[in-house]
Amino acid sequence: MTQRVDLATVMDRLAIDEVVSGYAVAVDDGDWGAYRALFTPTGRADYSSAGGIEGPAGEVADWLAQTMRLFPVRQHLIVNRLIRLEDLGGSPGDAAEVRADFLNPMRLAGEEFDGTVTSPNFVAAGRYAFALARTPEGWRLSSVTVHEKWRHMSA
């Protein structure tokens with residue numbers, strides 16, 4: 001590899017990492033416009049392993065907007081990111097895959113009594129499979145699949 005190809009690969013990896021982090025921030029902040037903007041026009045999301053839906057990113061964003069009202073406090077932690085760039089004979093291509101683990105603590109909506117929150121905490125964890133495509137606007141998600149491995153609720 002040349003230094004130019006190495007630099008392009010590093011820049012792609014940083015840009016892809018930013019998309020994955022942007023995904024977590026958009027979901028946690030309930031910024032469904034930002035969520036939609038992360039996807040290609042034909043992008044899809046699949047939350048079926050976590051009891052959700054699968055479909056076009058716009059439809060899934062609408063579903064998330066409703067569902068996440070149940071969890072007013074949420075914090076996605078996406079770790080152990082394994083990025084695989086398409087390799088075109090030693091040069092980076094226009095497709096990438098990311099496998100990343102997640103830990104997602106949330107608080108269910110509830111009431112406070114004398115400053116004490118009475119709603120339970122909910123934690124889900126598992127692995128994401130992200131597929132990305134290079135577009136004229138930069139890297140975008142072509143698909144996101146959630147593979148939930150476990151969940152826990154506590155008071």
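Modeller: Helices and strands here are DSSP runs, with helices of at least four residues and strands of at least two, numbered from the N terminus. The model is a predicted one.

Biologist: Which pattern does the protein chain follow when read along the sequence?

Modeller: The protein chain holds three helices and nine strands. Read along the sequence, their pattern is α-α-β-β-α-β-β-β-β-β-β-β.

Biologist: What does the C-alpha trace of the protein chain span along its principal axes?

Modeller: The chain has 155 residues, of which 38% are buried. Among contacts with a separation of 6 or more, 59% come from residues 24 or more positions apart. Along the principal axes, the C-alpha trace spans about 65 × 25 × 25 Å.

Biologist: Which element gives the most to the largest nonpolar core?

Modeller: That core has 37 residues, and those with the most contacts inside it are Tyr23, Tyr35, Ile78, Phe130, Leu132 and Leu141. Elements that each supply at least two of its residues include α2 (32-37), β1 (39-46) and β4 (77-88). With seven residues, the element that gives the most is α1.

Biologist: Tyrosine 35 is in that list. Which residues is tyrosine 35 in contact with, leaving aside its neighbours within four places in sequence?

Modeller: Contact here means heavy atoms within 4.5 Å. With those neighbours set aside, the contacts of tyrosine 35 are Tyr23, Ala26, Val27, Ala45, Tyr47, Ala57, Val60, Ala61 and Leu64.

Biologist: Turning to the pocket, which residues lie nearest the centre of the largest pocket?

Modeller: The largest pocket has a volume of about 360 Å³. Its lining draws at least two residues from each of α1 (3-29), α3 (57-67), β5 (91-107), β8 (121-135) and β9 (138-154). Of the 21 lining residues, those nearest the centre are Ala50, Trp63, Met68, Met106 and Glu148.

Biologist: How many residues of that lining are charged?

Modeller: By class, the lining has 14 nonpolar residues and five polar ones. The number of charged residues is two.

Biologist: Which residue of β5 is the bridge partner of valine 73?

Modeller: In β5, the partner of valine 73 is arginine 107.

Biologist: Which residue takes a positive phi in the hairpin of β4 and β5?

Modeller: Leucine 88 stands opposite serine 91 in β5. The hairpin has two residues between the strands. The one with a positive phi, near 65°, is glycine 89.

Biologist: What is the phi of asparagine 80?

Modeller: Asparagine 80 is found in strand β4 and has 58% relative accessibility, so it counts as exposed, the cut-off being over 50%. Its phi is positive although the residue is not glycine, with a value near 50°.

Biologist: Is asparagine 104 buried or exposed?

Modeller: Asparagine 104 is found in strand β5. It touches Arg74, Gln75, His76, Phe122, Val123 and Ala124, not counting residues up to four places away in sequence. Buried means under 20% relative accessible area, and asparagine 104 has 8%, so it counts as buried.

Biologist: What is the relative accessible area of arginine 134?

Modeller: Arginine 134 lies in strand β8. Not counting residues up to four places away in sequence, arginine 134 touches Asp12, Pro92, Gly93, Asp94 and Trp139. Arginine 134 is partly exposed, with a relative accessible area of 32%.

Biologist: What distance separates the C-alpha atoms of glutamate 86 and tyrosine 47?

Modeller: Glutamate 86 lies in strand β4 and is partly exposed, with a relative accessible area of 34%. Leaving out residues up to four places away in sequence, glutamate 86 touches Ser91, Pro92, Gly93, Asp94 and Ala95. Glutamate 86 and tyrosine 47 are 39 residues apart along the chain, and their C-alpha atoms are separated by 25 Å.

Terms used: Residues are numbered from 1 along each chain as its sequence is written. This is a predicted model: local features need pLDDT of at least 70, side-chain atom pairs count only at pLDDT 80 or more; totals for chains, interfaces and linings use all residues. Side-chain values use heavy atoms; hydrogens and water are left out. On a 1 Å grid over the protein atoms alone, a cavity is a set of points where a 1.4 Å probe fits but cannot get out, and a pocket is an open set with protein on both sides within 12 Å along at least five of seven lines; lining residues have an atom within 4 Å of a point. Grid points are joined across faces, edges and corners, and a volume is the space filled by probe spheres set on the points. Ala, Val, Leu, Ile, Met, Phe, Trp, Tyr, Cys and Pro count as nonpolar, Asp, Glu, Lys and Arg as charged, and the others, Gly among them, as polar. A nonpolar core is a set of buried Ala, Val, Leu, Ile, Met, Phe, Trp, Tyr and Cys residues joined through side-chain atoms within 4.5 Å. Buried means under 20% relative accessible area, exposed over 50%, partly exposed in between (1.4 Å probe, protein chains only). Two strands pair if DSSP finds at least two bridges between them.
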